[in-house]
Amino acid sequence: MQHHDDVFIGGRWVRSHSPDRTSILNPATEEIWASVPDGDEQDIDDAVLAARAAFPAWAATAPADRAAVLRRLADELDARADELSRIITTENGTPIAESGAAPAHSAAHLRLTAGLAETLAAPDDRPNPMAPGHTVVRRVPVGVAGLITPWNFPLGLIMIKLGPALLAGCTVVVKPAPETPMATRALMDAVVAAGIPDGVVNLVTGSTRAGSALVRHPGVDKISFTGSTQVGRWIARECGERLRSVTLELGGKSPAIVLDDFDRDVFAKNLLRVSMRNTGQTCKACTRLLVPADLHEEIASLAADIVSAAPMGDPFDPATFFGPLVSDRQRSRVAGYLASGHAEGAKPVTGGDVSTRFDRGFFVEPTVFAHVTPDMTIAREEIFGPVLSVIAYRDVDDAVAIANASEYGLAATVFGTDPDRASAVAQRLETGNVGINHYGSNAVAPFGGHKDSGLGTEFGMEGLTAYLQYTSIHYPS
């Protein structure tokens, strides 16, 4: 049992001002294994002040030197990979087969971000095409960034924010999800070991109180948030009132369109990762499986066979694909959607209820519902659990219309053997990311959502730009 009374501010662990503590559960055993401060407004104020004090020197550091710091931090993550993977699996139930790759993946993101340093160092001198003279365009850091992250990928979703923020010259205050603070605490030890200057990276654990204080703090210049659309709307309103830069990576209800020429072996190989990665607790999971009407029964049966064959159980077993959900609250939420599916006429081909296989743990049976119609609740709302809805379409135009008839637009997949045909369908989808026959992502390509799935982008140069602002210095000759 680990009891912690401190938050990380100004390069050291200091006792939290808050008397409140958050207990951390192991979702596979339901046992409390740690507690951390439920940080308050004073903790956030101290962290922001530390970040502001460190900002001038860090912003003045050469981009190449900031990149070197990122590479050292990547090395520290690699050195702590086993510890970090164990913590992630213990605090949120992610199967070790998934969490085991998280540190190396995070380190790779840092190194890729560090490689963008030359773009910041390169001079940007632009002749004036309408008059004599020229302009030097300076890319300068936004300032202090508040990074608010969710529980489903507690290390990786910090890294895709922290790397570009630091390379841009920003200082940061990190506020992780209350369910999963322990990986972030371990990250702070890596921050110290990497030699990141005091105050450049700060951490306050806590719940809504700490997050709200960070969003509203007058000393914060930017917020980057990953989480629910509901909370994202509130953050957008607060940042709009303050004319503050904001990046929002929000919810999704992503479609996977199966064309009539799909390859069954490719489909079988990729369906789980496309639709149910991390026990379905993935923002861009394609949980609406759109299939030709005349293949509905066949594909629903094939999907059920694939899902039911994937091992569920102890998340520390390397063979496990489905672990527990992160909390009892999340299990209850998913159970409510399962009940809704039954009540509205969907037919479970496999699963359909919470799991009774285990004496303990927040498990839900991986579920495939067939005969789902686009108006059903399970076809419209983000479930964030291992629930796949099979929806029939008449033709490709109908498939595209169903896919786009969503308030969300985060991701999609198209399964088909003809690459030109699949690409043509992909280009008609109102979404920020589309994979062809696989779970698509690229760390150097922009990642962001359309519609209610967010504002702004992460990854690559576009993700770095989110932490920059511009000053144009005009010369007469």
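The model is predicted: local features need pLDDT of at least 70, side-chain atom pairs count only at pLDDT 80 or more, and totals for chains, interfaces and linings use all residues. Residues are numbered from 1 along each chain as its sequence is written, and side-chain values use heavy atoms, with hydrogens and water left out.

**Stop 1: the sheet of 3 strands**

Select β1, β5 and β4, which form an open sheet in the order β1-β5-β4 with mixed pairing. Strands are DSSP runs of E of at least two residues and helices are runs of H or I of at least four, numbered from the N terminus; two strands pair if DSSP finds at least two bridges between them. β1 (2–3) and β4 (21–26) are the edge strands, and each has a single partner strand, so one side of each is left without a neighbour in the sheet. Between β1 and β5 the pairing is parallel, over 2 bridges. Highlight H3 to find one of these positions: its bridge partner in β5 is S35.

Helix α3 (residues 81–92) lies across β4 and β5 and runs at about 95 degrees to β4. Helix α8 (residues 182–193) lies across β1, β4 and β5, at about 55 degrees to β5. Axes are lines fitted to C-alpha atoms, for helices over the stretch in contact, and angles run from 0 to 180 degrees between N-to-C directions. Contact means heavy atoms within 4.5 Å.

**Stop 2**

Show I32, which lies in strand β5 (residues 31–37). I32 is partly exposed, with a relative accessible area of 45%; buried means under 20%, exposed over 50%, and partly exposed in between (1.4 Å probe, protein chains only).

**Stop 3: R138 and Y470**

Move to R138 in strand β7 (residues 134–141), a partly exposed residue with a relative accessible area of 42%. Leaving aside neighbours within four places in sequence, R138 is in contact with Q469, Y470, T471 and I473. R138 and T471 are 333 residues apart in sequence, yet their C-alpha atoms are 5.1 Å apart. Then select Y470 in strand β23 (residues 468–475); Y470 is also partly exposed, at 46%.

**Stop 4: the sheet of 7 strands**

Finally, select the open sheet of 7 strands, ordered β15-β16-β17-β14-β13-β19-β20 with mixed pairing. β15 (347–350) and β20 (434–436) stand at its edges, each with a single partner strand, so one side of each is left without a neighbour in the sheet. The twist averages 25 degrees from one strand to the next.

β17 pairs in the parallel sense with β14 (residues 288–292) over 5 bridges, and L289 has V390 as its bridge partner.
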